[in-house]
Amino acid sequence: MQNLKRRNYEPELMDGEDIPFTEFQDFLRSLETINILTTAYRPTLRWLQKMMTAPYGEPLHILDAGCGNGDMLRRVERLALRKKQKTVLSGVDLHPWSRQSAEASYPVSSIRYKTADIFSFEPEEPVDFIICSLFTHHLDDEQLIRFLSWIDEHAARGWFINDLHRHIIPYYFIKLATGMFSRNRLIRNDAAVSVARAFSVADWQRMLDKAGIGGRARVQWFFPFRLCVSCQAQSVPIQ
């Protein structure tokens, strides 16, 4: 039985191989299907919807760190349209296939995508909110502390991290489900590895404390087996 008491640092295939674009794109689209079925977008969108109730006069710049194929940003775009909130939406991802897949998935969108290492990335204009989904479990502990410092420094109004909860139930469920229903070898391998690499509440609290923001950030559990971390600037008015 897999030991999930501590984070597993087994590398994911998507992080360490020269993967053809068609296979990588199929992986991202399969991941999007899993996110839809598990309502994984809901926590991020709920937080952003609350933040968008504040009386902003200028367009909000929202950045997605580790944006993949842009599936979260496209949902943020639709949310902003419903709320009649002007936005500037951008995504950054290290993998070069991510931008190509994102632009191919929805070519009419105004979302801007960049290929860059997040630790050396400097936004061209100030960012109001930074969101992040299924990215932080790719980082080791030291990288995660650096990322927490980076996101807290660059998000003027607040940030929201949406990632997995390391637990035996989602580990074996996703391992069984992807083994039965997916033909993509990246999904079949990486889905369960992602859960094993993910976090507990204690992990997040320890990392936040080491980054010096433990007293300002909030860790929440969302069904099914998501741990989300949020922080907002004290000056942000919420109605």
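Gln-25 is in contact with Ser-101 and Ala-104, leaving aside its neighbours within four places in sequence; contact here means heavy atoms within 4.5 Å. Gln-25 lies in helix 2. Helices (H or I, at least four residues) and strands (E, at least two) are DSSP runs, numbered from the N terminus. Is Gln-25 buried or exposed? At 11% relative accessibility, Gln-25 counts as buried, since buried means under 20% relative accessible area, exposed means over 50%, and partly exposed lies in between (1.4 Å probe, protein chains only).

A word on what you are looking at. This is a predicted model, in which local features need pLDDT of at least 70 and side-chain atom pairs count only at pLDDT 80 or more, while totals for chains, interfaces and linings use all residues. Residues are numbered from 1 along each chain as its sequence is written, and side-chain values use heavy atoms, with hydrogens and water left out.

Let us stay with helix 2. Helix 2 (residues 21-37) packs with helix 8 (residues 185-197) at an angle of about 55 degrees, and their axes are 9 Å apart. That makes helix 2 oblique to helix 8. Axes are lines fitted to C-alpha atoms, for helices over the stretch in contact, and angles run from 0 to 180 degrees between N-to-C directions. Angles under 35 degrees count as roughly parallel, over 145 as roughly antiparallel, 65 to 115 as roughly perpendicular and the rest as oblique. The crossing of helix 2 and helix 8 is right-handed; a crossing is right-handed if the near helix is turned clockwise from the far one by less than a right angle, and left-handed if anticlockwise. On the helix 2 side you will find Glu-23, Phe-27, Ser-30, Leu-31 and Ile-34, which meet Arg-185, Leu-186 and Ile-187 in helix 8. Sorted by class, this contact of helix 2 with helix 8 has five nonpolar, one polar and two charged residues. For these classes, Ala, Val, Leu, Ile, Met, Phe, Trp, Tyr, Cys and Pro count as nonpolar, Asp, Glu, Lys and Arg as charged, and the others, Gly among them, as polar.

Helix 2 also meets helix 4. Their axes come within 10 Å and cross at roughly 50 degrees, and helix 2 and helix 4 are therefore oblique to each other. Here Glu-32, Asn-35 and Ile-36 in helix 2 meet Asp-71, Arg-74 and Arg-75 in helix 4. By class, this contact has one nonpolar, one polar and four charged residues.

Now follow helix 4 to another partner, helix 3. Helix 3 and helix 4 pack at an angle of about 35 degrees, with their axes 11 Å apart, and their crossing is right-handed. Thr-44, Leu-45, Leu-48 and Gln-49 of helix 3 make the contact with Met-72, Arg-75, Val-76, Leu-79 and Lys-83 of helix 4. This contact has five nonpolar, two polar and two charged residues.

What else does helix 3 pack against? The buried residues of helix 3 (residues 42-51) are Pro-43, Thr-44, Leu-45, Trp-47, Leu-48 and Met-51. They pack against helix 4 (71-83) and several strands, including strand 1 (60-65), strand 4 (127-133) and strand 5 (155-164). Trp-47 also belongs to a cluster, where ring pairs link Trp-47, Phe-129 and Phe-160. Rings of Phe, Tyr and Trp (its six-membered ring) pair if their centres lie within 6.5 Å; planes under 30 degrees apart count as stacked, over 60 as edge-to-face and the rest as tilted.

By this rule the count comes to nine aromatic pairs. One of them joins Trp-221 and Phe-225, which are edge-to-face, 5.6 Å centre to centre with 85 degrees between the planes. Trp-221 counts as partly exposed, at 42% relative accessibility.

Leu-134, in the loop between strand 4 and helix 6 (141-154), has a positive phi of about 55 degrees although it is not a glycine. Leu-134 is buried, with a relative accessible area of 15%. Arg-216, by contrast, is partly exposed, with a relative accessible area of 43%. Arg-216 lies in the loop between helix 9 (201-211) and strand 6, and touches Asp-152, Ser-230 and Cys-231, not counting residues up to four places away in sequence.
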